Amino acid sequence: LMQQYVPHKIDFNFDPNKLALIPVRKPRSSRIKLLARLHEQDLLKQCDWSLVTNIDEQSIEHLHTNKELDYNELKASNEDYIKDFYRTYKDELPKVLDVLENNSTHGHWTNINPLIVRSTYNYYVAAESILGGPIFATEKTWKGMYMGLPVLTLASAGFNKWLESLGFKTIGDFDHLDHEERLMGIVDFLQKPIDLEHNESVARHNYNLVYNKEFIFSLINIQE
């Protein structure tokens, strides 16, 4: 499925000029808190990010006429940092990524232009669906690798250790953390000096692995 949308391996290029790419479709609690905490630390303006909706709609124009369908947690929050995030960005919601083709929310990340992304960001933040439970990986993690970016995982504790057991390399010092502690670990990590050489090494390693069909098939024990 991943190679259906990013079918061709392109020469690896890592020359970032922005902090991170953070694609968020469904406004789950952990994702809202991550974006709001990044805004609180004045980091969000250094990132490209999205916050769309729970419904499947192909047209951004339609979404803009149905703003009341979503963002209930944002509107009802008593947390000052979430209130400030919502006040700042409410007129931009639903917010899609500038790197989406055809101004579409359908498929969300699948419409990201990989040629633009691969030379733009220091990090890709994968906001997984499950925190605090069993290890559960979706396309949200793999897509960052397909884009040739170092991936920071907002996921359950031990998620990075599991990725490493498969042969991938990971970045970050927060894998022992879960829930809000983990998202704060990501926020803290994004404020640290960037080791460009190390990040490029990790991104290149994972990029080569996800485009290696023999390796991918070996993970699921099937023959090509």
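Begin by selecting helix α9, in which R182, L183, G185, I186, V187 and F189 are buried (under 20% relative accessible area; exposed is over 50% and partly exposed lies in between, with a 1.4 Å probe and protein chains only). Helices (H or I, at least four residues) and strands (E, at least two) are DSSP runs numbered from the N terminus. The model is predicted, so local features need pLDDT of at least 70 and side-chain atom pairs count only at pLDDT 80 or more, while totals for chains, interfaces and linings use all residues. Residues are numbered from 1 along each chain as its sequence is written, and side-chain values use heavy atoms, leaving out hydrogens and water.

Next, display α2 (29–40), β3 (121–127), β4 (151–154) and α8, against which the buried residues of α9 pack.

To find the contact (heavy atoms within 4.5 Å), select T141, W142 and M145 of α7 together with F159, W162, L163 and L166 of α8.

Turn now to the aromatic rings. A search of the whole structure finds 13 aromatic pairs. Rings of Phe, Tyr and Trp (its six-membered ring) pair if their centres lie within 6.5 Å; planes under 30 degrees apart are stacked, over 60 edge-to-face and the rest tilted. Select F168 and F215: their ring centres are 5.6 Å apart and their planes stand at 80°, so this pair is edge-to-face. F168 lies in the loop between α8 (159–166) and α9 (179–189) and F215 in helix α11 (residues 213–219), so the pair ties together parts 47 residues apart in sequence. F168 counts as buried at 3% relative accessibility, and F215 does so at 16%.

The rings of F174 and F189 come next, with centres 6.2 Å apart and planes at 75°, so they are edge-to-face. F174 is in the loop between α8 and α9 and F189 in helix α9, 15 residues apart. Both F174 and F189 are buried.

Then select F12, F14, Y146, Y207 and Y211, which ring pairs link into a cluster.

Finish with two charges over rings (NZ of Lys or CZ of Arg within 6 Å of the ring centre and within 35 degrees of the ring normal). The charged end of R37 sits over the ring of Y81, 3.5 Å from its centre. K95 lies over the face of W49, at 5.0 Å from the ring centre.
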